[in-house]
Amino acid sequence: MRLPRISLRWKLALVALLLLALPWAGYEYVREMERFLLDGQEQALLATARAIATALHDRPGLMAPRVEREADPRVRAEQELAGLAARRGESAEPANPDAAKPGAAKPDPASPDAASPPAGAAPRPPSIIARESSPRDEPREIADILRGVQHTTSRVWVVSRDLRVLALAGTLRRPEGEEDEGWAHRVLGELFPRPSENFDDTIGYDALANGREIAAALRGVPDVGLRGTPDAKAVVITAAHPVWSGDEVAGAVVAEETTNSILTARSRALERLLVVTLAVFAVAAGVLIWLATGISSRIRRLRDEAETAIDARGRLAHVVTAQRSGDEIGDLSRSFSALLGKLGQYNAYLEGLASRMSHELRTPIAVVRSSLENLKLSPTAEEARVYIGRAEDGLRRLGTILTRMSEATRLEQGLSSLERERFDLAAVVRGSVDGYRLAYPDRRFELHLPGVPVPVSGSADLAAQLLDKLVANAADFTASGDPILVRLDAAGGAARLRVENKGPLLPETMRAKLFEAMVSVRGERADKPGAEPHLGLGLYIARVIAEYHGGGMAAENLASGDGVAVTASFRVAPEKAAATTR
Amino acid sequence: MAKRIAIVEDDAAIRANYAEAVKKHGYEVSAYARRAEAMSAFRARLPDLAVIDIGLGDEPDGGFALCRDLRALAPALPIIFLTARDSDFDVVSGLRLGADDYLTKDVSLPHLMARISALFRRIDALREPKVADEALERGPLRLDARRFTASWKERPVELTLTEFWMVHTLAKFPGHVKDRDALMRDANLVVDDGTITSHIKRIRRKFAAVDPAFDQIDTVYGMGYRWKA
């Protein structure tokens, strides 16, 4: 199965995505903080309620229900509450059933706020209730006590046991626009909206009648709880503390605050969290990608070097340079380097083997040869001469094999020190074919040359040697009388020398391997008795020479299906003045 | 008095065979297996000709060292390298050290004997007062087949026996193409095509050292070489 190719860089970038878990962790932390703050706010509110309640303990007179006067702050408070409700178009449910008198349902027009709220927004409730109440009035006293909280963002009210609101102070709303939000908010404000100060802050009848906290307080147990505003735009924390009169509960102090400050803090924290995580993510991802790029470029360099270390002929072209860094990639490149070095030594050993072997074999052959020749010089029987002749014949063939074996190696060694010269390939081919007509009198040669010289940089002798190999090969496979076609043409910076002959086709499987050393496609047929020993080195030598001249070899069966064409290509040398050809 | 030939060869069988063959041709022979052994013998008494193998026992280049020492001892002594090593590098090294010829062990005994006698002839010819020699003149080229000396435009060209024979073969019939087989036969060589090519190259270089404009040897691709008429 082939896996999709994902580069190391992208894999590490994907890993960097794990950093995106950071905002989640941060979000969890912010929520924890929010819970903690809420708890704190609840406790603070309860403390406020307790403090106020303390001031009201054991003052039964203060808590007595008095509903006679219209100007009574309690009534006005009730009116305020009712009015708030009415203005928001809610059902005219009285804030307090006991206070639902005719005339009291009308809202008090006095709303002494300088800054008029926007249309549709609720008017601000009076910050101080019963300012102009007559002195020495009990609710007025309560109001005085409550005045202490008017500058806070909490709303404090006092209810009697019969759930009548005796006094009310403060507001749930916070002053607006006091803070300058940073650029992050302007960008991310849509994501993290600040809680609205524009909410319904009436105290619903439900809140009074069913409020768990108030009920608990009236039973004598301080309690804190959360409720939503009627329009569900904000959440209000309600803390209720009983007011004791002796052993019995005379009423309750209720302190309320919205959670808006916490929500604001939360959304600000989230905002910062997002900005910080994005920044951290960007930096971390950048660093990771940089690191990955470094690593993968080193690995790629190593890969490229490893791929080019072995050339097309399967020989070691160069040894991978060992990277100097001490990490695993450095180790890998060093092992590669060492490995290829050893491989190179082994290759050199193998390549040298043929020529070394031929050297080694030369000595015993010399022993045999000199012995035979000494034998010939001494008087021997006629019968013995026959065997000596046969032995010499075998020895001659053995010698030829040895020479051939070292020929390729010697050629390759020679190439590196050979001086290149410019020569006309067309002239070499013409001369060579003239020679072949003499050397192979029973073969017919057809020669096609371009009209112009074909300048090639290299060695004319080697080019002739290459053509020798091709023609010798073609002649071996051609029946006498059939023409051998030699064609040279030059086009597009390359000269192509093509030798065609009729004869047996190449097996498909051998086409690619034909130009490798020690590969031969000759069957029994070609090995006529007395023929020169064949090692499959001819075409290999041809390839070495073609590659030396910047070209290569190709072999194909003729389209007509009755022969083979072998093509050697040469790089044409650019025109140069004063080219010397020999 | 019979000429004395020293054979330095580490392979006992070859040494014995060559020694016997040389003896049959009427020479006196002393054979050695090691460099030190040969050198001490040479110090005691110089041979008339030395045939040296390059690899001697555990000294891969012992023959080269021996040749150098012997050449220092006797500047005019003919020395032939007879070795299994046939790379151009070894040939050039051997000839630079002052050997008169370099043969591979492919050479047959008759060929070897031909070379030995040719070298003796050269020595003898150089010792004799100048007589009517077997000179071959082709324009500025002058070959003395008795002394095996060559000169171009009156300046001597130092050729080995092999090279001399090749030039002689080419120059004998100017304009005729001599193929590689003919060159090998006439030079008593058994080598592959590549070696002939490098011999021709060396010959060209030697003539070019005397006359940079030398361009007398033509390569006829596919056939061989030709001395320009």
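Author: A residue counts as exposed when its relative accessible area is over 50% and as buried when that area is under 20%. The model here is predicted.

Reader: Is A:Val283 buried or exposed?

Author: With a relative accessible area of 55%, A:Val283 is exposed, because the cut-off for that class is 50%. A:Val283 sits in helix H9 of chain A, residues 260-309.

Reader: On to charged residues. How many salt bridges are there over all chains?

Author: Side chains of opposite charge can pair when their charged atoms come close. The count over all chains is 27 salt bridges.

Reader: Which residue forms a salt bridge with A:Asp327, and what does the pair tie together?

Author: A:Arg298 is the partner, with the closest N and O atoms 2.9 Å apart. A:Arg298 belongs to helix H9 of chain A and A:Asp327 to the loop between H9 and helix H10 (328-377), so the pair links parts 29 residues apart in sequence. A:Asp327 is partly exposed at 27% relative accessibility, whereas A:Arg298 is buried at 17%.

Reader: What are the values for the salt bridge of A:Arg303 with A:Asp304?

Author: Their closest N and O atoms are 3.2 Å apart. A:Arg303 is partly exposed, with a relative accessible area of 37%, and A:Asp304 is partly exposed at 38%.

Reader: And where do A:Arg443 and A:Asp442 stand, buried or partly exposed?

Author: A:Arg443 counts as buried, at 15% relative accessibility, while A:Asp442 counts as partly exposed, at 45%. Their side chains meet in a salt bridge of 3.0 Å, N to O. Elsewhere, salt bridges that share partners join A:Arg498, A:Glu500 and A:Glu556 into one network.

Reader: Now chain B. What is the strand order in the open sheet of three strands?

Author: The order is S10-S12-S11, with antiparallel pairing. Strands S10 (177-179) and S11 (217-220) of chain B are the edge strands, each pairing on one side only. From one strand to the next, the twist averages 30 degrees.

Reader: How many bridges join S11(B) and S12 of chain B?

Author: Four bridges, in the antiparallel sense, with S12 covering residues 224-227. B:Thr219 has B:Tyr225 in S12(B) as its bridge partner.

Reader: Which helix lies across these strands?

Author: Helix H6 of chain B, residues 161-172, lies across S10, S11 and S12 of chain B. Helix H6 runs at about 65 degrees to S12(B).

Note on methods: Residues numbered from 1 in each chain as written. Chains lettered and ligands numbered in written order. Predicted model: local features only at pLDDT ≥ 70, side-chain atom pairs only at ≥ 80, totals over all residues. Heavy atoms only, no water. Pairing = 2+ DSSP bridges. Helix = DSSP H or I, 4+ residues; strand = E, 2+ residues; numbered from the N terminus. Axes fitted to C-alpha atoms, helices over the stretch in contact; angles between N-to-C directions. Contact = heavy atoms within 4.5 Å. Buried < 20%, exposed > 50% of the residue type's maximum accessible area, 1.4 Å probe, protein only. Salt bridge = Lys/Arg side-chain N within 4 Å of Asp/Glu carboxyl O.
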